[in-house]
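This report describes selected features of the structure shown below.

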Amino acid sequence: MVADAPTLHAAAHALASSLQPQVAAIFFVSAACTVALAVLLASLRLRPPWWCACAVCEAYVTASWAGEFDNLCDWYAHLLRRAPGRTVHVHVLGNVLTADPATVDHMLRRRFDNYPKGAPFSAILADFLGRGIFNVDGDAWLFQRKLAAAEIASPALRTFAAGVVASELRCRLIPLLHSASSGDGEKLLDIQDVFRRFAFDCICRISFGLDPGCLELSLPMSAFADAFDTASMLSARRATAPMHVFWKLKRLLNVGEERELRDAIRLVDTLAAEVIRQRRKLGAAASGDDLLSRFMGSINDDKYLRDIVVSFMLAGRDTVASALTAFFLLLSDHPEVATAIRDEVSRVAGDGDDRPEAAVSSDKLKRMHYAHAALYECMRLFPPVQFDSKFAAGDDTLPDGTFVAKGTRVTYHAYAMGRMESVWGPDCAEFRPERWLCDGRFVPESPYRYPVFQAGVRVCVGKDLALMEMKAVIVAVVQSFDIEAVGRSSRRPKFAPGLTATFAGGVPVRVRRRHRTSR
């Protein structure tokens, strides 16, 4: 039976209606591809304003440097070693890189007012760090610094902090390492993860007056730690884009890494909010002498308090853990340094107490000059913060003659500086704590030659506390354990992107208990 004309017409109309969305989509995609192709051809013909054809910029944009170097920081160190003035301009980033101590002095002391963090830098980290101390200038920075410095300088807090570190060593870190050393030696431990958890517990108790175990969270603490690491990594990646409009557009559309960053920051916000809530809940029941209580007494803005909490977590957890991880990685490759530290501990603290949990007093830690030198030497080669950037507020000329236009990003590269023969001599690549000693006593270098803790008015306010914490860990662990890195070496590290130096894939180690004998 043959269908009549109206039926055929209706069927054709229905078919056309059902195909209309697909046809429209095809036309839309075709048009978008045509526009994208036109823009690409135009850009190739005209070249965008950030384009540069020099060898450095071409290698950066194409990532061809990765064929020879494992890490971007190693490529930068290579470039700076070859540069006559130890200064390199990466035009596509609008970034001047330097490893010249005179330029660091120029930026951090002589022309400090001309080199603030700057609005571009603050915009990159605003979602993660907000108005925290590491992301602000002017009065906001000065206010936070004064409050933090006053609290950290108090003898009461220093005594309290030493007690917290001793408690964490005795009750958590040493028992964990003891457990890992039991058995046939086949059990591996990620020492980077261990030190991150240790440092996080310490910073919560010292800075916030809280034990992390009291936090009431909907997810395991590991989930929040992972979110913190993700937020740090993805925030750092923003700075590597030749044009900031790329990541800003992705953030607007909530796609790709920017969506992942937003999800991570949401978890970080939850953690910070719980810290603030618990601190308020304790109220008068707690001493009120911790840093967070001081800030809460002056600030009635939870968003601002959140930014302060996150900044202290970044400083107290990530930098300390980074330095300790690098230290024990170096020690695995240089067992003679571990032996020298043990000899010094025996001389200064004695051998009377064979308990691994027995803490060494702060006064005795200060007298351990070799351990101090070894820690400084570690951070020379592996600074927890590999570089620091400022933005020129006005036109300037650097000591080596490099012209810096207003708005240019200027970066001093601490990681590269530690590997410069012109700064540290022909043995700069060697781990040699003795370079810091004179007649057995530790002798510091100029902070502009060794800007690991920054320098000038922005020098790290928590420097002494961090050194005390790290030395206490080093002495306690080295006395009682041998830490052997498995499948990792300090001679060819691989870093993950982030605001602090993080070893990609962690640092698996084998822990062996040492049986000391009294002399």
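## Cysteines

A residue is termed buried under 20% relative accessible area, exposed over 50%, and partly exposed in between. In this predicted model, Cys54 has a relative accessible area of 25% and is therefore partly exposed. Cys438, at 43% relative accessibility, likewise counts as partly exposed.

The structure holds 0 disulfides. Cys54 is in none, and the nearest cysteine sulfur, that of Cys52, lies 3.4 Å away.

## Helix 5

Helix 5 spans residues 119-129, and its buried residues are Phe121, Ser122, Ile124, Leu125, Phe128 and Leu129. Viewed down the helix axis, these buried residues fall within an arc of 160°, so they line one face of helix 5. An α-helix has 3.6 residues a turn, so residues three or four places apart point the same way.

The elements covering the buried residues of helix 5 include helix 9, helix 10, helix 11, helix 13 and strand 4. Just after helix 5, Gly130 adopts a positive phi of about 55°.

## Salt bridges

The count of salt bridges comes to 38. Arg131 pairs with Asp307, with the closest N and O atoms 4.0 Å apart. This pair links distant parts of the chain, 176 residues apart: Arg131 is in the loop between helix 5 and helix 6, and Asp307 is in helix 13. Arg131 is partly exposed at 36% relative accessibility, whereas Asp307 is buried at 0%.

Arg172 forms a salt bridge with Asp201 at 2.9 Å between the closest N and O atoms. Arg172 lies in helix 7 and Asp201 in helix 8, so the pair ties together parts 29 residues apart in sequence. In the salt bridge between Arg435 and Asp427, the corresponding separation is 3.2 Å; Arg435 and Asp427 are both buried.

Technical notes:
Residues are numbered from 1 along each chain as its sequence is written. This is a predicted model: local features need pLDDT of at least 70, side-chain atom pairs count only at pLDDT 80 or more; totals for chains, interfaces and linings use all residues. Side-chain values use heavy atoms; hydrogens and water are left out. A disulfide is a pair of cysteine sulfur atoms within 2.5 Å. Buried means under 20% relative accessible area, exposed over 50%, partly exposed in between (1.4 Å probe, protein chains only). Helices (H or I, at least four residues) and strands (E, at least two) are DSSP runs, numbered from the N terminus. The arc is that of the directions from the helix axis to the C-beta atoms. Contact means heavy atoms within 4.5 Å. A salt bridge is a side-chain nitrogen of Lys or Arg within 4 Å of a carboxyl oxygen of Asp or Glu.
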